[in-house]
Amino acid sequence: MAKPVGTCGHCRLPIEDSDVVVIFEDGRLIHVGCWRVSDSATSRQSSDPVRRSRKLIDDSRRRLDELHSLADRRMGDLDHAARRLLAADRDRANDGRTGGW
Ligand SMILES: [Zn+2]
């Protein structure tokens, strides 16, 4: 003697005592089967690409940061190399000037 305790918020069919339902905070009842269907149809399809694109943006931002720090380091290396070259030139010039002895 199962009596309906409400109607499914998804398929509108009466919910029986024997039905496995999901009870939402606002009192709505939905068959677990309907909830899974609607969950995969709405929340998964709508939220996952968003999450994925956010992750992509985060990833590209992180990669950009890495590139920037890499460029900074490269510039530092270039600076170092240029200074070393200049110093070597100066040393060679000094050697030429003092190369007599
Ligand atoms: Zn249902």
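Where is Arg 12 found? Arg 12 sits in the loop between strand 1 (6–7) and strand 2 (14–15), where helices (H or I, at least four residues) and strands (E, at least two) are DSSP runs numbered from the N terminus. The model is predicted, and local features need pLDDT of at least 70, side-chain atom pairs count only at pLDDT 80 or more, and totals for chains, interfaces and linings use all residues. Residues are numbered from 1 along each chain as its sequence is written.

Of its 101 residues, 4% count as buried; a residue is buried if 20 or more other C-beta atoms lie within 10 Å of its own, exposed if 12 or fewer, and partly exposed in between, with C-beta atoms placed from the backbone. Of the contacts between residues at least 6 apart in sequence, 10% join residues at least 24 apart, a contact being two residues whose C-beta atoms, placed from the backbone, lie within 7 Å.

Back to Arg 12, whose phi is positive, at about 65°, although Arg 12 is not a glycine. Most residues other than glycine have a negative phi. Arg 12 counts as exposed because it has 8 C-beta neighbours inside 10 Å.

Phe 24 belongs to another loop, the one between strand 3 (21–23) and strand 4 (29–31). Phe 24 has 11 C-beta neighbours inside 10 Å and so counts as exposed. Between Phe 24 and Gly 9 there are 9.9 Å in space, C-alpha to C-alpha, with the two lying 15 residues apart in sequence.
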